[in-house]
Amino acid sequence: MSKRYIFLAVLLIGSAFGLTQLPEKPNKKQIPPDELLIKIYDQARYLTTREIAKRIIDRDPSIFLVDVRTPSEYEEYAIPGAFNIPLENILDDQWRDYLNQDGVDVIFYSNGTIYADQAWDLIAQRGIKNLYIMKGGLNEWFATIIKPVAPDETAPSEAFDQYAFEKAASIYFGGSSAGVDAAAPAEKKEVVVRKKKKKAAEGGC
Amino acid sequence: MEELKRTKRITIGVIAFIAVLVIGFLTVKKPVAVYKLSPQQMNDDLIMVYQVTPEEASEMMGDSVKNVFVDIRSIYDYEKDHLYGAVNIPIPNLLDKEIQEQFDQWKKDSVTVVLYGNDQLQANSPWMLMYQLGYDNTRVLLGGIKYYDDFMNGRLAENETFEMENPAYDFKKIIAEGSSDNSSVAAQAPQKEVVVRKKKKKAAEGGC
Amino acid sequence: MGPLTYFGEISTEWNYVIALFIGMAFGYIMEASGFSSSRKLIGVFYGYDFAVIRVFFTATLVAIIGLLYMGYFGWIDYSVLFVHPTFVASAAIGGVIMGLGFIMGGFCPGTSLCAVAIGKLDGWVFTIALFVGIFLYSQVFPWIEPLYNAGDMGHIKITEYFGISQGWFAFGFAVVAVAVFFITTLIRRKVKDVRY
């Protein structure tokens, strides 16, 4: 038996044994903590209620509102066009494709911002872009869009412009008693979720 | 042993094989930190209460051995105003090596670490990150430093609460009132129809 | 696309270029190992030449070890590797037929093309018969379709089926391979030398 043969055999077995000693590989589907930290520090994930209201009124097809509250809360009131995924079920496989749509901004909201932020945190670990949070949640939504407060007379003119928009939006979303009878037609938005293509490679021999 | 006459080829192959392994081991990146909890476990733990109310915080303030307050805002905010005895660790530095060692030490000594920001929201994601990294002794200060200051100085407005998730309005009532005044229909609870197109998995055929 | 991730995404076009070079290397190694000779190939069944077993075991082993290490280094993402669906019953029956054909014809499909490339007459005959066989099979396919789909287990790997880690499987495979190398050397010594 040649020495070289023994060396080659030992090399093969040795390197194969090394494989068993490698630490468990981190899940590829999850971004590492340092990347998540950068996302956490980025404040651009918060959208204001006004931005969102504007996009709903404009019938922007590229938004997908996700209500992370309980179904009963969702039944009571939800933003038009919102889709209900309770926070405890947010990681279920059936919602995976809903929350990862190319070119569609997924916006989480709850009553405040905490639950939406937690939902965002859990989903953002998948490395998905286009995930946003409605800052202030429904409380802020009612404070600004449904029941806007008129600015002081000394306020700059921008505040009045903003108030005008809020008043109009309030009528659109059905909160105002401004007396204007400009009803917006009910929207039944159809969302087409495109399944991510699973790439199947061809094999050969 | 005829194959071994082609010694050169085998030697080159073996050297290349070992070289690849060596280069690989030299260049492999060590992760900065590793999640101890999966997202699902994290989500399950969210139901448990890992939050500190301002009342509890004022009590914990007395025992600085067992509790430590961490200000996750910027140095600038920290210098302006911070809780008594708080340590400043801005969010971007949370995964620094020394900071992680510090957190490990705190965990070993079973010190309760309370993260706080301007409000609960600011500390929420950093807390989730640290908790998921296995530091289950971390908590969040509800209401943040602003609420805490107002609470301690008795400057709280009426009805002011640190519970951000409580509805501040009766949503249904307001909408019902609004709809009776005018005929807006957009506000009715929408039942959104979502069409998911199922794609058949393509079975690739291979040949030999 | 593709499992190589070290340099980022590789476009489909470059995949074809890479495939071309891998194919060329494959053919070169086959020919260099003497796999265009049916007597060398058949030697494994009569015990006078185990080059086939050695070359394929070595190739598989190096590929396993290399893939797993590179996966660990983050150079490739072997979760996107395509795993053929497993049909146990049809694989067993097909394997028997393949073995019969191999020992009778002296080639397996890949090596017969190798023999064609260097102009061997038996290679040509084998390859033409191969295509005749494919044609016949396609004609009788409707009758044997149940057999074709028998024992479907889906896209499953042996490590998943038995629930063992990939590293330990590779290690076990390496031990078995080296044992086979050793045993075949012993057999080779016992069997009378054949000149070919």
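Modeller: Before we start, two residues are taken to be in contact if their C-beta atoms, placed from the backbone, lie within 7 Å. Please also keep in mind that this is a predicted model.

Colleague: Among contacts in chain B between residues at least 6 apart in sequence, what percentage join residues at least 24 apart?

Modeller: Chain B has eight helices and six strands, and along the sequence these elements follow the pattern α-α-β-α-β-α-β-α-β-α-β-α-α-β. When we take the contacts in chain B between residues at least 6 apart in sequence, the share joining residues at least 24 apart is 62%.

Colleague: What percentage of the residues of chain A count as buried?

Modeller: A residue counts as buried if 20 or more other C-beta atoms lie within 10 Å of its own. Chain A is built from seven helices and six strands, which run α-α-β-α-β-α-β-β-α-β-α-α-β from the N terminus on. Of the 205 residues in this chain, the part that counts as buried is 36%.

Colleague: And what percentage is buried in chain C?

Modeller: In chain C there are eight helices and two strands, and read along the sequence they give the pattern α-α-α-β-α-α-α-β-α-α. With the count taken over the 196 residues of chain C, the buried part is 17%.

Colleague: Which residues of helix α6 of chain A are buried?

Modeller: Helix α6 of chain A covers residues 137-146, and eight of its ten residues are buried, so this helix is largely enclosed by the rest of the structure. Going along α6(A), the buried residues are G137(A), L138(A), N139(A), W141(A), F142(A), T144(A), I145(A) and I146(A).

Colleague: Are α3(A) and α6(A) roughly parallel or roughly perpendicular to each other?

Modeller: Helix α3 of chain A, residues 49-57, has an axis that comes within 9 Å of the axis of α6(A), and the two cross at roughly 65°. They meet through T49(A), R50(A) and A53(A) on the α3(A) side and E140(A), W141(A), T144(A) and I145(A) on the α6(A) side, a set that divides into three nonpolar, two polar and two charged residues. Angles from 65 to 115 degrees count as roughly perpendicular, and the two helices are therefore described as roughly perpendicular.

Colleague: How are α5(A) and α6(B) oriented to each other, roughly parallel or roughly antiparallel?

Modeller: Helix α5 of chain A, residues 114-124, packs with helix α6 of chain B, residues 120-132, at an angle of about 25°, and their axes are 10 Å apart. The contact is made by I114(A), D117(A), Q118(A) and D121(A) from α5(A), together with Q120(B), L121(B), N124(B), S125(B) and M128(B) from α6(B). Angles under 35 degrees count as roughly parallel, and these two helices are therefore roughly parallel.

Colleague: How many residues does the largest nonpolar core have?

Modeller: The residues with the most contacts inside this core are V66(A), I107(A), A119(A), L115(B) and L141(B). Leaving aside neighbours within four places in sequence, A119(A) is in contact with V68(A), L87(A), I90(A) and F108(A). Apart from this core lies another one of 16 residues, including L12(A), A16(A), I64(C) and M70(C). The number of residues in the largest core is 78.

Colleague: Is R139(B) buried or exposed?

Modeller: R139(B) lies in strand β5 of chain B, which covers residues 138-141. Not counting residues up to four places away in sequence, R139(B) touches Y50(B), Q51(B), V52(B), T112(B), V113(B) and V114(B); the C-alpha atom of T112(B), 27 residues away along the chain, is separated from that of R139(B) by 7.4 Å. Because 23 other C-beta atoms lie within 10 Å, R139(B) is classed as buried.

Terms used. Residues are numbered from 1 along each chain as its sequence is written. Chains are lettered from A and ligands numbered from 1 in the order in which they are written. This is a predicted model: local features need pLDDT of at least 70, side-chain atom pairs count only at pLDDT 80 or more; totals for chains, interfaces and linings use all residues. A residue is buried if 20 or more other C-beta atoms lie within 10 Å of its own, exposed if 12 or fewer, and partly exposed in between; C-beta atoms are placed from the backbone. Helices (H or I, at least four residues) and strands (E, at least two) are DSSP runs, numbered from the N terminus. A nonpolar core is a set of buried Ala, Val, Leu, Ile, Met, Phe, Trp, Tyr and Cys residues joined through C-beta atoms within 7 Å. Axes are lines fitted to C-alpha atoms, for helices over the stretch in contact, and angles run from 0 to 180 degrees between N-to-C directions. Angles under 35 degrees count as roughly parallel, over 145 as roughly antiparallel, 65 to 115 as roughly perpendicular and the rest as oblique. Ala, Val, Leu, Ile, Met, Phe, Trp, Tyr, Cys and Pro count as nonpolar, Asp, Glu, Lys and Arg as charged, and the others, Gly among them, as polar.
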